[in-house]
Amino acid sequence: MVFRIAVVGLGKIATDQHLPCIAKNRNFKLVAGVSRHAKVEQVACFESLSQLRASKIAVDCVALCTPPAVRLAMAREALDYGWHILIEKPPTPTVGELLAMEAYARKKKRVLYAAWHSRYNRSVDMAKARLKGQHVNFLKVTWKEDVRKWHPGQEWIWQPGGFGVFDPGINALSIVTKILPEPIFADSATIEVPANASTPIAADIRFKRGDGAAADLSAAFDWRQETGETWEIEIGTKSGLALHLKKGGSVLIVNGKIAHEAVLHEYEDIYAKFARLLKAKKSEVDASPLQLVSDCFMLGRPVTTAEFS
Ligand code: NAP
């Protein structure tokens, strides 16, 4: 079965990953692009979902690659047209909007797949298997990169609903929430927001276990690192197991030895999964990374820092 798909929001991730992965996947056929300014070659392009609908082009599903702040209204419109939906991470600016989107998809009997791309990694699955049944008492997430390199010219990331440094940080939390055997909870946070922005440029977070047992659980996010990327998660357990996920979760080191190292093919796996969900008519929505981020903002101490330019 071939699903006719339109890609919405033709920006960096749509161009870097979605369009090439759709072209490689025989379960999908790109039938249109939707973006206010950009176009994709060889298919019809429209500035809005309503224009696409008016064109009468047959569409089965859409990939929403716009910023999170505008996704709920777009998703509702697409669902009203009878289209299934794949959405980029973070799914929505708030947990409330995600729950509303999930409920609306259910009401319209359409598939909603809220993808967390960093979860699609063999090393991540291996880490999850190793941690099964373990008592985690150490977590150190270090997610640092240069915002100018990874988000050039993107104004939306600094606006309410744009997440700031939590936009990459939530990738780490999507891994953490997948692999830990028990959920963790935000305990406190210091959140640095530039004087001329609405969203953070850095955050230091402390987490706690749900059972109150002593544990050293933390995350440091920073967008001011100009010396390359550090995307790492270290985990320790009471039994002495030490896991280290490096390079965004693609490399797994177990007790000091490399256990797995692989080239990333996250978006290939996302489209393979989307095809499976469409065939099975099943949705997949996990709010837990968004919930953790939301809780960090709820408990965090905001600190105003130097203007970003
Ligand atoms: P981007 O380059 O800014 O692209 C987003 C596109 O959405 C823009 O090109 C814009 O196209 C459209 N858009 C922007 N604001 C809009 C609005 N208010 N209403 C309607 N359309 C709007 O951003 P991106 O980096 O691709 O990120 C998009 C999403 O993918 C984010 O949620 C991000 O977290 C996620 N993501 C990004 C990366 C990455 O490496 N960049 C990786 C994984 C996931 P038009 O102006 O033409 O409408």
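User: How many residues surround the ligand, and which are the closest?
Analyst: In this predicted model, 24 residues surround the ligand. The closest are S35, H37, R71, K89 and D167.

User: How do those residues divide into nonpolar, polar and charged?
Analyst: The shell around the ligand has eleven nonpolar residues, seven polar ones and six charged ones.

User: OK, what about R71, how far is its side chain from an oxygen atom of the ligand?
Analyst: An N or O atom in the R71 side chain sits 2.8 Å from a ligand oxygen.

User: And the side chain of D167?
Analyst: For D167, a side-chain N or O atom is 2.5 Å from an oxygen atom of the ligand. There's a backbone case too: an N or O atom in the backbone of R36 lies 2.8 Å from a ligand oxygen.

User: How much of the ligand's accessible area does the protein cover?
Analyst: The ligand has 870 Å² of accessible area on its own, and the protein covers 83% of that.

User: Which elements give two or more residues to that shell?
Analyst: Those are α1 (12-24) and α3 (71-80).

User: Switching topic: is α7 largely enclosed or open, and why?
Analyst: Largely enclosed by the rest of the structure, because twelve of its 14 residues are buried.

User: Which ones are buried in α7?
Analyst: The buried residues of α7 are F166, D167, P168, G169, I170, N171, A172, L173, S174, I175, V176 and I179. D167 is also among the residues closest to the ligand.

User: What span should helix α7 have?
Analyst: At 1.5 Å a residue, its 14 residues (166-179) should span 20 Å. The end C-alpha atoms of α7 are 19 Å apart, which agrees.

Methods: Residues numbered from 1 in each chain as written. Predicted model: local features only at pLDDT ≥ 70, side-chain atom pairs only at ≥ 80, totals over all residues. Heavy atoms only, no water. Near = heavy atom within 4 Å. Polar contact = N/O pair within 3.5 Å; in protein donor to acceptor, adjacent residues only side chain to side chain. Areas by Shrake-Rupley, 256 points an atom, 1.4 Å probe, with all protein chains shown as cover. Helix = DSSP H or I, 4+ residues; strand = E, 2+ residues; numbered from the N terminus. Nonpolar A, V, L, I, M, F, W, Y, C, P; charged D, E, K, R; others polar. Expected span 1.5 Å × (residues − 1). Buried < 20%, exposed > 50% of the residue type's maximum accessible area, 1.4 Å probe, protein only.
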